[in-house]
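Open the model in your viewer and keep the selection panel at hand. Each stop below says what to select and what is there.

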Amino acid sequence: MDPPHPIIEQLCGIVGDDNVLWQRDELVVYECDGFPVARGMPMAVVFPTETHQVAACAHRISNHGLQIIARGSGTGLAGGGVAFDRGVIVCTSRMRRIEKIDLANRAACVQAGVCNTALSEAVAAEAERLATAAYYFAPDPSSQRASTIGGNAATNAGGISTLKRGVTVSHILGIEAVLADETITRTRFEPLHDSIGPDLPALWCGSEGTLGIITRLWCRLVPRPVNLRTLYAVFNSLRDACEVVSDTIAAGIVPASMEMMDQRMIEVVEDAFGFGFPAEAGALLLIELDGPEAIIDAQLERIAAIARGHGAGEIEQCADPARRAQLWSARKRAFGAIGRISHSYCTQDACIPRSMLPDAIERIGQIGREFGLTITNVFHAGDGNVHPILLFDDADPVQVQNVLRAGEAILRYCISIGGTITGEHGVGVEKIDMMPEMFNADTLDAFTRVRKAFDPAGSANEGKLVPSDRLRIELLKPAAPKSPGGAMVY
Amino acid sequence: MPAASDPIPPDAEVAAPDSPEAAIDLVRTCMADCTPLIDYGDFHSGLGHPPASAGESTRHYRYRGRGIECFERDFVVRIGAGATMADIRTALGTHGQFVPLDGDDELTLGELVLHDVWGPMRIGFGAARDLLLGVRFIDGQGGDVRAGGRTVKNVAGYDLSRFIVGSLGEMGLPCELTLRTSAEPAHVRMLDLALPVSSSVDGLMPELLATDAAPAAMALERGEGTWRLKLTYFGEEGETRHQVTALEKWLQQKGLIGQTADLVRHEGGFDEYRQCAAAGRAWQREATTLLKLIVPPALTGQTLDELYRRVEGAGLHWLAYPAHGTIWVGGSANGEQVHALEAHGSGAAIAAVGMKAWYRRPEYARKMPPFAPPQPDWPLLARIKHALDPHHLFNPGRMLPLKERGDG
């Protein structure tokens, strides 16, 4: 079968036939990312291994008037890595070289396709070889075993440790990227921890492939925590648990993580895995501390006292790695447990002021009832980053519409209380219709002008992150469970 | 002595908008009459090229809005860009909170952010780019741009909040800034360790930062004829005691205490730290010569030693942040020293693929390039500036090349 478009042959000429997919049955895997509602069939998927190949591919794709869609491992949760409107996916997953680990400068240089945990593993091996202190790459999204560092930067990924360690942008020292006109551009690109001038790496982080394709990064490394403690506490009410979160931080303690599950989620997890949690508890709080042993032991006691002051029922403080792992597995397996009770689920990613958490969870529950949906909650309590999980049957068109509308209602409410529509998953195509509700016209116009400064032709992932006049992607419900979904492009 | 490049003429009128609306009016006025808007700050007037004016006139301004709204339970504060660090400390102190950025009392938050001012606390708390959650600024079209917000995580839209940090006022006119705060520490311990040579620190940093003795604040200074590493610990009294004990053990293991027998200890409250840190940088305000070098952190001490030797720096002040590779040098340098700083400072920056910037230099040194070497991202930054400030109103040519200047 002949390739359907001349671009295919050109891409093969750049990267070799083995690094280009264009047959339909090979492309199906790439029609969505971690947000399966947004589906679009790419024209091709190309796998460069070097920056100059990325540049050559971008140039050819753009010259044909096609969209350039940057993609790492495809773990994105907002449809940012999906190709609409005759798009070609430039997948960096084969750009896996760790170019330099520089422990003396606490930095590492990697290609964009290096997996998040692979860097930390390589750094650990190097530290052991040199008999030096252990360092690692701190951003820890739940996808970290699969997600790429380039993708982490492009979405400014978070994770459960962002409360203490910050999001990905705080760990990026420099970026090399390719623009749609094949220009290879760099910010400062050495292991430098300071600079003079605008923070251009920060602009790249979270840009979701709409400015260009990130190809290499200098990453900041930080000391790997050695001493860890976990506190588990259950409460009759979510409000009490949230007060413990605020009081802990007010006491000058900054835990590594503070995670919470509501009553419904506790039931689901307990039914699935039998951890021994009291299923009738209103909220479960997990707090992790790291630091000097003597200090975190004392802090753990202080937090336990705060928790008792807010009526905690059970409290457990542990240092034992096996028990800690068991407690944290409850949090990490929460999403997986949903599969036992619901055909499908959709999760939102709003972030709100921490003090508003109790009111927000209550309101989210109300919204669920208004739309006839069950919503459970698991969230990064320390950050105010809520992940309401909306349960539905994707074969029922009414439920699908209700999920989408309930999701919008939740985000609209979060904006109204000073929050944001996305704390860590990104806007992509999923939340792009909410952008005019989040930002005023002047701000959206500034975003558009900045975007055009990088990509005047509008070739780089247009229609994502920033609303476009030229390309509007509207999500459609799948016609049936086994039929691919799609998107209407205007 | 005034800075060599003080861009405000003595008789110039300085506009003082005190609200975003007033700032929008000012920008639109300047758009209409094609007049650049200049604010190099009260403490950074010598940094960068002198203002490039479109015609004969420029308009100077200082933003004066200084409202402070504290979201106490969230540990977040929204601040008018004209508020000073003293204003902020007073307002947050009533809530037992502070913004962990080292800045002199008279410095406005707007000037701090636009010039990315930071100090010893960066090692424990980060700098403005790590603490800033949102910015409201007026762009070059008079647009009211509100990037970021009140939440500690936010990936909606482009991160223009962080982007304007260090932008030297070229990208927009900030009116409000929203930042994270921290609880004011209950107890502070400070240690002052004498080192024979500054290069002693180069091999120590990665290990020190991974121990229990990792400090909340750190700086390396030249004083009393020797280099002194100043470490500060914040926390409860028991916590700081534990960390100082850990530090002393570690220093003994490294053989550093035995050699110097000079470890000075202080303890007290947070105000003591502030006063010590301010004293450590007080010379910068009076210096007629002030140079900043950025190198990879592992080269900080070596660069300091080399530069000190080449510049015959005994009469100058030296301040470095070894965990970040940042070196400040200056004072009342004589002509030979100024030229030596230029030659060897530029050489060190270029060799390390870092950067050098003159923050203040005498009039006779005005032809020395304010920044070296040219940075790889300047062309793209110039395009972004044109997008945000199409009429080139804001501090045109201060750092980024303008085509009419013929810069690269």
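Colour chain A by burial. Of its 490 residues, 63% are buried, where buried means under 20% relative accessible area, exposed over 50% and partly exposed in between (1.4 Å probe, protein chains only). This is a predicted model; local features need pLDDT of at least 70, side-chain atom pairs count only at pLDDT 80 or more, and totals for chains, interfaces and linings use all residues. Residues are numbered from 1 along each chain as its sequence is written, chains are lettered from A and ligands numbered from 1 in the order in which they are written, and side-chain values use heavy atoms, with hydrogens and water left out.

**Whole chain**

Switch to cartoon. Chain A shows 16 helices and 20 strands; these are DSSP runs numbered from the N terminus, with helices (H or I) of at least four residues and strands (E) of at least two. Its C-alpha atoms fill a box of roughly 70 × 60 × 45 Å along the principal axes.

**The nonpolar cores**

Select the largest nonpolar core: 209 residues. Such a core is a set of buried Ala, Val, Leu, Ile, Met, Phe, Trp, Tyr and Cys residues joined through side-chain atoms within 4.5 Å. Phe454(A), Leu160(B) and Ile384(B) have the most contacts inside this core. Helix H14 (residues 397-416) of chain A gives the largest share, eight residues.

Zoom in on Phe454(A). Which residues does Phe454(A) touch, not counting those up to four places away in sequence? In chain A, they are Leu179(A), Leu200(A), Leu203(A), Trp204(A) and Leu211(A). From chain B come Leu380(B), Arg383(B) and Ile384(B).

A second, separate core has 25 residues, including Cys57(A) and Ile213(A).

**Helix H16**

Select residues 441-454 of chain A, helix H16, and find Thr443(A) there. Thr443(A) is buried, with a relative accessible area of 0%. Leaving aside neighbours within four places in sequence, Thr443(A) contacts Asp144(B), Val145(B) and Arg146(B).

Go to residues 263-273 of chain A. The buried residues of H9 here are Met265(A), Ile266(A), Val268(A), Val269(A) and Glu270(A). Show their partners next: the buried residues of H9(A) pack against several elements of chain A, among them strand S13 (257-262), helix H11 (321-332) and strand S17 (374-380). End at Gly274(A), which follows H9(A) and has a positive phi, near 60°.

How values were computed:
Contact means heavy atoms within 4.5 Å.
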